[in-house]
Amino acid sequence: MENNSKGVVYVAFGELYTAMALFSMKTLREKRSSIPVMIITNLDLDLNKFNFWEPEKDLIKIVDEETRKNRYVKTNLYEQVPFQNAAYIDADTCILKNIED
């Protein structure tokens with residue numbers, strides 16, 4: 001992945017927030033968005049099970065942190081994200097239209 005690329009980032013710690021982030025990502029893909037997605041989580045996940053996950057461009061970063069430490073990751077995204085231009089999206093966001101428009 002190029003360092004000057006655009007991308008969407010979710011920070012989802014714990015099962016509940018990870019499930020919400022995956023649903024939000026699904027709504028993003030349903031709007032025909034082809035933008036790469038990065039999920040930062042503290043859970044070991046196999047995202048290849050999901051038909052909206054595109055392993056050739058999407059990324060998962062698993063961090064060894066307690067769920068309550070997610071705020072540190074959110075406020076220091078620049079240390080975690082390979083995209084030059086990143087849109088942070090809350091896990092509980094339902095995407096209603098293509099964000100690339």
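In this predicted model, Phe50 is partly exposed, with a relative accessible area of 31%, whereas Phe52 is buried at 9% (buried means under 20% relative accessible area, exposed over 50% and partly exposed in between, for a 1.4 Å probe and protein chains only). Residues are numbered from 1 along each chain as its sequence is written. Local features require pLDDT of at least 70 and side-chain atom pairs pLDDT 80 or more, while totals for chains, interfaces and linings use all residues, and side-chain values rest on heavy atoms, with hydrogens and water left out.

Aromatic pairs were counted for rings of Phe, Tyr and Trp (its six-membered ring) with centres within 6.5 Å, planes under 30 degrees apart being stacked, over 60 edge-to-face and the rest tilted. The count by this rule is one aromatic pair. The ring centres of Phe50 and Phe52 lie 5.4 Å apart and their planes meet at 35°, so the pair is tilted.

Helix H1, residues 14–30, comprises 17 residues and reaches 24 Å from its first C-alpha to its last, close to the 24 Å expected at 1.5 Å a residue (the expected span is 1.5 Å times one less than the number of residues; helices, H or I of at least four residues, and strands, E of at least two, are DSSP runs numbered from the N terminus). The buried residues of H1, among them Ala21, Leu22, Met25 and Leu28, pack against strands S1 (6–12) and S2 (37–41), contact being defined as heavy atoms within 4.5 Å.

Just after H1, Arg32 adopts a positive phi of about 65°, although Arg32 is not a glycine. Arg32 is found in the loop between H1 and S2 and is exposed, with a relative accessible area of 70%.
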